[in-house]
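I opened the model today to look up a few points on strands and helices. My entries follow in the order I made them.

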Amino acid sequence: MHHFSLLDLSPIPEGGSAADALSNTIDLACQAEASGYHRYWLAEHHNMPGIASAATAVVIGAVASATKTIRVGAGGVMLPNHAPLVIAEQFGTLATLFPERIDLGLGRAPGTDGVTAQALRRHMEANDNFPQDVVELLGYFEDASDEARIRAVPGQGTHVPVWILGSSLYGAQLAAYLGLPYAFASHFAPAMLDDAIATYRSTFQPSQWLAKPYFMLAAGVCAAATDDEARYLRSSQLLAFARLRTGRPGKLPHPIEDLTSEISAPVLAQVEQALSCSATGSPETVQRELAALLERYQPEEMMVTGMIHDHSARLRSFDIAAKALSDILGSLRAD
């Protein structure tokens with residue numbers, strides 16, 4: 001592992017507003033930079049009452065403005081929702097304003113439900129064009145040729161690093177074929193993680209962007225002073241995910257002591273499986289569980305994420321995680 005990073009979904013808590021969520025995001029980003037996180041990524045979701053990062057490029061700009069050195073980017077932009085030229089202009093502008101600090105992760109899902117996808121003017125068959133759209137977008141970031149009739153301004157020549165995101169073999173195959181870094185959404189969909197890693201690494205083709213595979217593992221984290229406190233704080237995310245799975249999305253709920261009082265056993269089992277690539281507990285427990293994930297999957301980078309209702313508890317959780325990952329990284333470098 002070379003680096004550890006942070007994915008923020010900018011959660012809107014029950015009793016709070018989108019303004020609160022975005023203010024919390026800026027606060028967390030500043031702490032993440034001080035704590036040693038390498039990247040701070042935000043994700044595109046639409047029509048989600050509990051997520052404030054729908055206008056992802058705008059939030060990235062705000063985070064980059066409030067920080068100085070940490071890389072800031074999208075994890076990710078759902079490219080079929082957009083014209084590649086528009087994304088090239090947006091991220092080219094960001095890269096012009098914040099040189100050498102902007103990342104662009106690309107996904108092929110809509111990041112929302114079907115009705116909202118249509119409201120985004122997204123053709124449902126647009127996924128078929130995802131590889132071509134990625135290649136087109138990559139071209140806009142390269143140096144312009146004299147023959148280029150269409151240029152991203154700003155954008156051309158900025159060489160924004162592009163990542164492929166995925167939760168299946170599709171993204172792994174595409175990232176390997178194009179020779180791009182690959183991030184797997186194991187923090188909420190770990191089922192195909194082993195196969196995706198193997199596919200990406202075994203079929204990777206070196207490119208002008210990357211000489212050898214670079215894989216980023218995403219994991220949930222919820223850390224607190226004790227295991228019991230961490231499990232209690234994590235109940236907010238489990239409850240939110242269960243509500244989303246059962247068609248009742250909402251703001252990030254307050255934590256509860258007994259999840260079985262609100263979630264049926266079958267749904268809870270599904271949620272716990274979906275969120276199983278994670279570390280929850282005291283500093284000692286979290287370090288042990290993160291180390292086990294790193295040992296098993298051997299990623300070049302780990303990205304942690306976690307939604308906790310209380311902002312101060314969320315800050316503490318990511319600070320504990322940073323200390324644990326710093327210790328692990330130090331041990332790996334010493335070896």
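I began with a bridge: Val 77 has Leu 106 as its bridge partner in β4. The model I am reading is a predicted one. I then looked up the strands involved, and found that β3 (residues 71-78) pairs with β4 in the parallel sense over five bridges.

Next I asked how many residues of strand β4 are buried. I noted six of the six residues in β4 (residues 102-107), so the strand is largely enclosed by the rest of the structure. I checked the two faces separately, since side chains in a regular strand alternate between the two faces of the sheet. On one side of β4 I listed Ile 102, Leu 104 and Leu 106, and on the other Asp 103, Gly 105 and Gly 107; all are buried, and both faces are covered.

I moved on to the helices. I read an angle of about 50 degrees for the packing of α10 (residues 283-297) against α11 (residues 311-334), with the axes 9 Å apart. That angle makes α10 oblique to α11. I recorded their crossing as right-handed. From α10, I listed Pro 283, Gln 287, Leu 290, Ala 291 and Leu 294 as making the contact; from α11, Ile 320, Ala 324, Leu 325, Asp 327 and Ile 328. I sorted the residues of this contact into eight nonpolar, one polar and one charged.

Last, I looked up Thr 285, which lies in helix α10.

Conventions. Residues are numbered from 1 along each chain as its sequence is written. This is a predicted model: local features need pLDDT of at least 70, side-chain atom pairs count only at pLDDT 80 or more; totals for chains, interfaces and linings use all residues. Side-chain values use heavy atoms; hydrogens and water are left out. Axes are lines fitted to C-alpha atoms, for helices over the stretch in contact, and angles run from 0 to 180 degrees between N-to-C directions. Helices (H or I, at least four residues) and strands (E, at least two) are DSSP runs, numbered from the N terminus. Angles under 35 degrees count as roughly parallel, over 145 as roughly antiparallel, 65 to 115 as roughly perpendicular and the rest as oblique. A crossing is left-handed if the near helix is turned anticlockwise from the far one by less than a right angle, and right-handed if clockwise. Contact means heavy atoms within 4.5 Å. Ala, Val, Leu, Ile, Met, Phe, Trp, Tyr, Cys and Pro count as nonpolar, Asp, Glu, Lys and Arg as charged, and the others, Gly among them, as polar. Buried means under 20% relative accessible area, exposed over 50%, partly exposed in between (1.4 Å probe, protein chains only). Two strands pair if DSSP finds at least two bridges between them.
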